[in-house]
Amino acid sequence: MENISELKQHLHAVEQTRQISNAMYLLSTSRMKKSMQNIEYNLSYMRRLRSTMKDIISKTKHNMLTNPFIELAEGGKALFFVITSDKGLCGGYNSAVVNSALEKMRDFKKPVLYSLGLKGTEMFASHGIKSDGSWYGASQMPSLHLANDLGERIVELYDNKEVSEVYIVYTEYINSAVQKPVCRRVLPILRRDFDDVEYENKYETEVLYEPDIQTVFDQMVPQYIIGMMYDVIMQAAASENAARMTAMQNATKNADKMKAKLSEQINAVRQLVITNEITEIAAATQVQENGV
């Protein structure tokens, strides 16, 4: 059995670890709530944008509306954006995303990989896959500026026919207890992508678009891509913080259990020491009495 000094050192280490895990739990909770607010704001914007795009698409025939982003390109590669975290201590969050991406990438020949997150880059490297582009800091500071840069990069690659398909693999935030990895197609934009969209307003007369419907649609497509990138970045940030919140909450509970167990062990050792001392005193007294 360990002595009291060793047990107290162990208890002190557990208490310090608990303070850290509890602080990380509180921080992750705060960041998750902030990300959820931004998700709601962006979803409202995307609903209106997608509703307008559906209205344009539904009012035009297949051969009347032309745009390189709604036409299936041939000969290009598939581009995958995979969003993970830069830090660990978030359970199976990163491994679930990477495994989902690897499964989808098997369907394509020599896909292009862009990794958003240090952990994802490292995990792909362990599978012998080198990222063609890497971004760090997205999970700590998700921003519209980053989404704009990524959206412009996608548009550039697609315009130059370097890629013919674009996918994003990220973790969708459902609630604080449930998050799931999702592979979402960004380009090309297909008419069936808007089947689930409801019109915000039902007009009795035809809507006029200035200067014309084609120009308005051409301007909306890049904004749609940027809005989608911002949405998935915020979803991933909220999911990461929710996963870390759960992991740190479990770690704190485990630390509490260890503290209780160590306290019991310290009390048991202390009582054993006291009992041994009493026994030794009693034995010594008995020896002296017998000697007399």
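Predicted model: local features only at pLDDT ≥ 70, side-chain atom pairs only at ≥ 80, totals over all residues.
**Entry 1: a helix over the sheet.** I started with helix α4, residues 144–159, which lies across β1 (77–83), β2, β3, β4 (163–173) and β5. I looked up its direction too: α4 runs at about 155 degrees to β4.

Entry 2: Next I wanted the strand order. I found an open sheet of five strands, ordered β3-β2-β1-β4-β5, and the pairing is mixed.

Entry 3: A reminder I jotted down: strands of a sheet pair through backbone hydrogen bonds, either parallel or antiparallel. I took the β3 end and looked at its partner. Strand β2 covers residues 112–116 and runs parallel to β3, with three bridges joining the two.

Then I went over to the β5 end. Here β4 and β5 run antiparallel, and eight bridges join them. I followed I168 across and landed on R184, its bridge partner in β5. The link between β4 and β5 is a hairpin, and I counted five residues in it.

**Entry 4: two helices packing.** I turned to α2 (residues 93–105) and α3 (residues 118–126). Their axes are 10 Å apart, and the helices pack at an angle of about 50 degrees. That makes α2 oblique to α3. I noted the hand of the crossing as well: right-handed.

Which residues meet there? On the α2 side I listed N94, S95, V98, A101, L102 and M105; on the α3 side, K119, G120, M123 and F124. Sorted by class, this contact of α2 with α3 has six nonpolar, three polar and one charged residues.

**Entry 5: salt bridges.** Last, I searched the whole structure for salt bridges and got four. I followed up one of them, R18 with D256, where the closest N and O atoms are 2.5 Å apart. What does this pair tie together? R18 lies in helix α1 (residues 4–58) and D256 in helix α5 (residues 213–291), so the pair ties together parts that are 238 residues apart in sequence.

Conventions
Residues numbered from 1 in each chain as written. Heavy atoms only, no water. Axes fitted to C-alpha atoms, helices over the stretch in contact; angles between N-to-C directions. Helix = DSSP H or I, 4+ residues; strand = E, 2+ residues; numbered from the N terminus. Parallel < 35°, antiparallel > 145°, perpendicular 65-115°, else oblique. Left-handed = near helix turned anticlockwise from the far one by under 90°. Contact = heavy atoms within 4.5 Å. Nonpolar A, V, L, I, M, F, W, Y, C, P; charged D, E, K, R; others polar. Pairing = 2+ DSSP bridges. Salt bridge = Lys/Arg side-chain N within 4 Å of Asp/Glu carboxyl O.
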